[in-house]
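User: Hello! I am new to this structure and would like to understand the words used for it. Could you take me through them?

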Amino acid sequence: MKLGILIICFLLLTGSSQFFNIKKNLTINYFLNKNSIQNTLNHWNDIVEIAAHKYKVDEKLIKSIIYVESSGNPYAKSKSNAIGLMQIKPSSAGAEVYRLYGKKGQPSIEELYNPKINIDMGTAYISFLQKKFSTIKNKDVMRYATIVSYVNGTSALLKTFSKNSKEAIDIINTMTTQSFYTHVKKNIQQFKHLVT
């Protein structure tokens with residue numbers, strides 16, 4: 001369900017609502033509105049702005065991830081050991097970003113609880129995903145693929161199309177935004193019950 005909320009949050013912040021009809025009985029209608037998102041995230045605006053500029057990532061996407069992943073709580077920790085504002089797992093996204101930084105190993109829990117480091121690492125990871133999907137021709141599809149991969153992992157997304165990553169991207173490149181959305185809705189479990 002988190003994936004669907006994240007996409008809806010991003011669409012709210014960008015002013016777009018195409019393809020999404022939120023089920024009326026969900027509490028998302030109560031707590032997800034543009035003003036509540038902005039109010040929750042105001043504290044992190046300066047750090048988000050710096051990271052967005054540094055990595056050329058949309059500030060609204062960073063804010064959406066922070067809002068959905070941690071509700072703006074820098075001390076959030078999930079059952080799966082995702083840590084901080086952007087819920088970074090030290091052994092996966094954290095280790096990947098460390099490699100991008102030219103470091104070995106993975107970030108410490110203390111590092112990931114630091115809002116400045118967490119937002120920088122989370123944004124670096126988004127940038128990494130965007131570069132990985134740079135061969136996706138449709139920019140809206142590329143944006144959604146990035147969001148899905150941030151939450152579920154790149155291989156989890158691509159395997160819903162093909163076991164071969166290149167073939168998966170080739171298939172994605174034949175899709176419209178609507179057909180990609182329909183595929184994700186059908187094949188990514190946590191997305192199925194949020195939107196109709």
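Analyst: A contact here means heavy atoms within 4.5 Å. Ala, Val, Leu, Ile, Met, Phe, Trp, Tyr, Cys and Pro count as nonpolar, Asp, Glu, Lys and Arg as charged, and the others, Gly among them, as polar.

User: What kind of model is this, and how are residues numbered?

Analyst: It is a predicted model, where local features need pLDDT of at least 70 and side-chain atom pairs count only at pLDDT 80 or more, while totals for chains, interfaces and linings use all residues. Residues are numbered from 1 along each chain as its sequence is written, and side-chain values use heavy atoms, with hydrogens and water left out.

User: What makes a stretch a helix, and how many helices does the protein chain have?

Analyst: A helix is a DSSP run of H or I with at least four residues, and a strand is a run of E with at least two, numbered from the N terminus. The protein chain has twelve helices and zero strands.

User: Why are H5 and H8 called oblique to each other?

Analyst: Helix H5 (residues 59–70) and helix H8 (residues 115–132) pack at an angle of about 120°. Axes are lines fitted to C-alpha atoms, for helices over the stretch in contact, and angles run from 0 to 180 degrees between N-to-C directions. Under 35 degrees is roughly parallel, over 145 roughly antiparallel, 65 to 115 roughly perpendicular, and the rest oblique. H5 and H8 are therefore oblique.

User: Which helix crosses H5 at roughly 130°?

Analyst: That is helix H4 (residues 45–55), whose axis comes within 9 Å of the axis of H5. This angle makes H4 oblique to H5 as well. The residues of their contact divide into four nonpolar, one polar and three charged.

User: How do you know whether Ser127 is buried or exposed?

Analyst: Buried means under 20% relative accessible area, exposed over 50%, and partly exposed in between (1.4 Å probe, protein chains only). Ser127 has 5% relative accessibility, so Ser127 counts as buried. This residue lies in helix H8 and touches Tyr55 and Val57, not counting residues up to four places away in sequence.

User: And what share of the protein chain is buried?

Analyst: Buried residues make up 48% of the 196 residues.
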